[in-house]
Amino acid sequence: MSKTTRATQALAKAGVSFTVHTYDYDPTADRVGIQAAEALGEDPARVLKTLMAEVDGKPVCVIVPSDREVSMKKLASAFKGKSANMMKPADAERLTGFVVGGISPFGQKKQVPAAIEEEALAHEAVYMNGGQRGLQVRLAPRDVVMALKAIAAPVVA
């Protein structure tokens, strides 16, 4: 497994301090983020999942704790939109250049507006997908906001 991906290159280019962590990815897991947290021995609230959605038909990236679900109403509100829905997996892969289970908010083919669940900012460090299945990066959540120019908002149900 390569520890250099478009995501890790984007973080390095942005001057973000991070560490790389690998784990055995289980393609049969019902909830990939929870499986990653268990494999890393971390609290699921600190292992964030990257989801691709659409607000008023425009693509957005939303980052939430792996043990939580996105509220479509709150997501739309965070982007000052009327409605939100999850993006189809094939569309998310095409837009980001990553495969489902390995989608990172960093180094996507087309950078889109991003939102991170504000609760995540309470942690000193969080884990996020590093651009391939079985690869996580550990970094400060404030650096996530800075690197992605993300908004921090309440977006979980």
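The chain exposes about 7700 Å², of which carbon and sulfur atoms supply 51%, with accessible areas coming from the Shrake-Rupley method and a 1.4 Å probe, and with only the protein chains shown counting as cover for residues. Before I go on, please keep in mind that this is a predicted model, in which local features need pLDDT of at least 70 and side-chain atom pairs count only at pLDDT 80 or more, while totals for chains, interfaces and linings use all residues. Residues are numbered from 1 along each chain as its sequence is written, and side-chain values use heavy atoms, with hydrogens and water left out.

On overall dimensions, the radius of gyration, taken over C-alpha atoms, is 14 Å, and this agrees with the value near 15 Å that a compact globule of 157 residues would have, where the globule rule is 2.2 Å times the number of residues to the power 0.38. The C-alpha atoms fill a box of roughly 40 × 35 × 30 Å along the principal axes. Of the 157 residues, 48% count as buried, and here buried means under 20% relative accessible area, exposed over 50%, and partly exposed in between, with a 1.4 Å probe and protein chains only.

Turning to secondary structure, there are 5 helices and 8 strands, that is, DSSP runs numbered from the N terminus, with helices (H or I) of at least four residues and strands (E) of at least two. Helix H2, residues 32–40, has Gly33, Ile34, Gln35, Ala36, Ala37 and Leu40 buried, and these buried residues pack against strands E1 (19–22), E6 (126–129) and E7 (135–139), contact meaning heavy atoms within 4.5 Å. Just after H2, glycine 41 takes a positive phi of about 70°.

Finally, proline 154 lies in the segment after strand E8 (151–153) and, at 42% relative accessibility, counts as partly exposed. For the chain as a whole, residues 24 or more positions apart account for 63% of the contacts with a separation of 6 or more.
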